[in-house]
Amino acid sequence: MVGALRESAKRIAPAGAVAAVRWRRDVWSDLRLRLLADLGYVPSHRVRAGCYRLAGMQLPKTSSIHWRAEFYAPDLITIGQHCTIGDTAFLDGRSGLVIGDNVNLGSHVTIYTRQHDVDSPDFAEVGGPVHIGDYAWIASHAIVLPGVTIGEGAVVAAGSVVTKDVAPYTLVGGNPARYIRDRNRDLRYQLGYAKRFV
C-alpha cells in the first residue's frame, strides 16, 4: 500500500521535487556510510555492533566485527552466530551478503557483491549475492568477487582472489583461487571472540 502511494505521488509531483527527494536520499546514503566507517574507530565492540544493527545489519550478539570495518548497504548483510570479522574488513551488501555460523574473516578481507561490466558502453554495474557457509575461513587480505558461494567449512588462503564458487571443505588459494586440498570435516569449534579495544 505504501509503495503504491509513493509511486502515485512520484507521478504527480513536480520534477524538481522528485529530484530534491532523490538528492536527499543519495546524500543520506553516502553520509550514513561515512558515519559507519568513522564508527569503526570507536574502541567498543558493543557500541559499534549496536550502531551496525541500527543501520539494518543482521548481527547477533555472539558475533564480533573488529575495528575499521567498512560497508556498502549494511541493511543487506546478514551475519550468523559466533562469527569473527577481522579488522579493516570491507563487506558489500548491495546485492546481498549472507555469512553463516562460526565463520572467520581475517584482517583486511574484502567481499564485493557488485562490480562494473568491463564491456558495458555505459560502465553498468553487474553482480550477485555472496554466500559464505558455516565454518568457512577466509584468511587475511583475501578478496571475494560478486556472485560467489563459499561452501561450508571451506578455507580461502591469505591474499587469494576468489572469482568462482568454492566447494565445501576445500582449501583454495592464489589469484585466481584454485583448489589446493580437502579440509577436515570434523569441525566443532565456536568463534565470536572480540579482542578488547579493537
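The structure holds 8 salt bridges, a salt bridge being a side-chain nitrogen of Lys or Arg within 4 Å of a carboxyl oxygen of Asp or Glu. This is a predicted model, in which local features need pLDDT of at least 70 and side-chain atom pairs count only at pLDDT 80 or more, while totals for chains, interfaces and linings use all residues. Residues are numbered from 1 along each chain as its sequence is written, and side-chain values use heavy atoms, with hydrogens and water left out.

Begin by selecting R25 and D26, whose side chains meet in a salt bridge at 3.6 Å from N to O. D26 is partly exposed at a relative accessible area of 38% (buried is under 20%, exposed over 50%, and partly exposed in between, with a 1.4 Å probe and protein chains only).

Next, select D75 together with R32, a salt bridge whose closest N and O atoms are 3.4 Å apart. This pair links distant parts of the chain, 43 residues apart, with D75 in the loop between strand 2 (70–72) and strand 3 (77–79) and R32 in helix 2 (residues 15–39); helices (H or I, at least four residues) and strands (E, at least two) are DSSP runs, numbered from the N terminus. D75 counts as partly exposed, at 40% relative accessibility.

Then move to R94 and E125, where the closest N and O atoms of the salt bridge are 3.3 Å apart. R94 lies in the loop between strand 5 (90–92) and strand 6 (97–99) and E125 in strand 10 (residues 125–127), so the pair ties together parts that are 31 residues apart in sequence.
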